[in-house]
Amino acid sequence: MIVGTAGHIDHGKTTLVRALTGVDTDRLPQEKARGISIELGYAFLDVPGDECTPRIGFIDVPGHERLVHTMLAGATGIDFALLLVAADDGVMPQTREHLAVLSLLGLSRGAVLITKCDRVDAVRIAQVRGDVAALLAGTPLADAPVLAVAAPTGEGLPALRELLFAAARETPPRDGASDAFRLAIDRAFTLDGVGTVVTGTVHAGRVQVGDELALCPSPTGRHARVRSLHTQNQAATQAHAGQRCAVALAGVDKHEVARGQWLVSAGAGAGAGVETDRLDALLTLWHGEPRPLRSGTPVHVHLGASDTMGTVAVLAGVDAAADSLAPGSRAFVQIVLQAPIGAWRGDRIVLRDNSATRTIAGGTVLDPFAPVRYRRTPQRLAELAAWSLPTAAQRFEALLAAAPHGLSRARWARAEGLTPPAAGDAPDWDLGPAQRAAARSAVIDTLRRFHASDPDVPGPDAARLRRLACPRLPPPPWSALLAELQAEGVVTVRGAFVHLPEHALRLSAADERIAQKVAPLLAAAGFDGSWVRDLARDTREGEVLMRTTLARLAQRGELHQVAKDLYCASATMAQLAAHVRSVAAGAADGAVTAARFRDATGLGRKRAIQILEYFDRIGLLRRVGDEHRLRSDTALFTGPAMTMR
């Protein structure tokens with residue numbers, strides 16, 4: 001269990017932790033000289049007579065108003081809060097703000113300690129108790145126990161220890177077997193003989209010595225290996241969610257690590273790193289705020305151990321429909337950040353005003369992959385309502401039912417902080433039953449209209465059909481839908497063209513005759529292909545008739561028109577497509593360049609470029625600058641090649 005202290009400066013937080021644990025958490029020289037906490041401090045306490053209960057970890061936070069950002073870095077991730085109020089001072093400004101922070105972080109487990117009770121009489125303690133009760137009213141800590149303690153004399157400490165021990169025994173272990181590992185870094189330093197060490201609270205998952213981890217966010221995509229671990233201030237071979245953890249890293253320097261970053265599972269199997277500069281959240285405005293929160297308000301966004309500037313856009317009220325968020329009310333909001341942060345669904349966020357003088361709001365991240373467009377539409381608000389459901393299974397089913405264009409399992413798993421399913425375990429994209437039925441109807445209706453308007457054309461190519469029937473459906477679910485329709489015999493796919501089974505472009509007798517003549521010539525031409533004029537000359541057919549017939553054969557998917565008047569046989573294009581896939585697989589960067597393709601096929605540079613550009617047009621490749629990238633969602637040329645009859 002992680003216990004966090006909170007309260008006004010000089011209300012006895014560090015003294016209390018020292019009395020409980022024997023550890024002075026003020027470690028910096030300037031802290032010793034000034035007598036105040038400036039940085040986060042850590043200490044640990046064993047639960048006696050219970051080997052099954054992990055030791056209690058304490059995070060001692062600064063109380064000065066200018067160090068609330070440091071307090072927030074330590075408060076995120078704690079399980080139990082101790083709010084300290086000095087008996088001689090009573091409730092002070094930072095008492096109120098720290099209570100707001102704890103409440104907005106969703107903390108409902110904790111206790112209030114009236115410290116320095118040895119300096120006042122019983123009447124004063126009773127008065128402070130009354131003030132505390134009034135302060136806690138309407139907050140998640142309203143029912144928290146209130147204890148009077150005096151650290152120097154030990155008064156009240158036995159009862160406090162028993163309260164903490166009982167809370168530790170009642171803290172359930174976090175079941176994070178499927179969660180990707182995430183640690184919020186709040187400190188980084190170097191140890192002689194060890195190297196770079198980072199510390200923080202483990203928010204999810206498990207890690208063990210030897211694992212590969214990644215920094216998030218990281219402009220260079222830095223990865224590191226776990227050299228050694230300390231959990232709850234003890235050497236360990238593994239760590240899990242809910243623990244304070246120190247990780248010694250191999251492969252990364254201290255200057256590459258900063259408070260606010262996350263240490264996350266690395267590798268294709270986990271894919272835990274989520275860097276975002278735009279997220280949607282369910283936000284509550286603190287009831288003590290004097291005015292509503294309006295769209296466009298600049299704020300400090302605290303998530304994990306990070307502090308980033310951002311702007312709030314109120315999307316829709318939850319408690320009441322409104323364009324602004326009233327004090328004490330909730331709303332769906334989008335937060336646009338000035339710099340990327342690591343964020344996952346369910347993470348708690350706290351907002352402070354632009355000048356960082358007060359805490360104003362807090363809430364829960366819903367979708368770290370927030371859209372730029374359509375963010376206030378009824379459709380998007382329905383998706384945010386689905387993201388708000390309590391369990392992952394409920395969220396997935398509701399999102400699948402609400403998403404009009406399908407749901408990516410990998411994207412959803414990354415947003416949830418879960419380990420995505422391995423490639424091949426199941427299709428990545430899912431369409432809900434209603435959306436699938438609507439998409440199928442749209443495809444069939446579009447093809448009927450197309451055939452009615454252009455009876456002499458076999459049908460649109462697959463890319464054009466998607467633009468006509470389902471323009472916003474992403475390529476992966478579109479390919480899966482088209483394959484499903486083809487397998488059921490609802491549509492026919494010839495080459496790149498799609499048509500209804502009852503619609504077929506018929507060849508005339510002259511077309512059939514020319515097709516028979518050119519088939520061996522095209523096969524003999526190989527990768528270079530054949531020009532219309534050469535085929536007309538070799539078959540002694542008219543050039544105009546030859547051009548018309550070859551265009552019709554290409555429309556039927558029996559030939560491929562690589563460039564104007566240049567044709568290749570389907571079997572030849574299948575071989576060229578195989579070379580494309582081989583080049584992409586063999587390249588370290590996955591790029592298919594004209595030079596690599598030319599060398600693989602033995603073609604000249606001009607012809608290689610023409611073929612690659614044709615593959616771009618039909619959807620096998622996509623152009624990125626001077627390179628071509630294989631589309632992961634394409635099934636072109638993976639089946640048996642078509643031949644001319």
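Reply: In this predicted model, the strands run in the order E2-E3-E1-E4-E5-E6, forming an open sheet of 6 strands with mixed pairing. The edges are taken by strand E2 (41-45) and strand E6 (146-148); each has a single partner strand, so one side of each is left without a neighbour in the sheet. From one strand to the next, the twist averages 25 degrees.

Strand E5 (residues 110-115) pairs with E6 in the parallel sense, over 3 bridges. Within this pairing, Ile114 stands opposite Ala148 in E6.

Helices also pack on the sheet. Helix H4 (residues 93-104) touches strand E1 (2-7) and strand E4 (80-86). The direction of H4 makes about 170 degrees with that of E4. Helix H5 (residues 122-136) lies across E4, E5 and E6, and runs at about 150 degrees to E5.

Helix H11 (residues 462-469) packs with helix H12 (residues 475-487) at an angle of about 105 degrees, and their axes are 11 Å apart. H11 and H12 are therefore roughly perpendicular to each other. H11 contributes Ala462, Leu465 and Arg466 to the contact, while H12 contributes Pro475, Trp478 and Leu482. Of the residues in this contact, 5 are nonpolar, 1 is charged and none is polar.

Technical notes:
Residues numbered from 1 in each chain as written. Predicted model: local features only at pLDDT ≥ 70, side-chain atom pairs only at ≥ 80, totals over all residues. Heavy atoms only, no water. Pairing = 2+ DSSP bridges. Helix = DSSP H or I, 4+ residues; strand = E, 2+ residues; numbered from the N terminus. Axes fitted to C-alpha atoms, helices over the stretch in contact; angles between N-to-C directions. Contact = heavy atoms within 4.5 Å. Parallel < 35°, antiparallel > 145°, perpendicular 65-115°, else oblique. Nonpolar A, V, L, I, M, F, W, Y, C, P; charged D, E, K, R; others polar.
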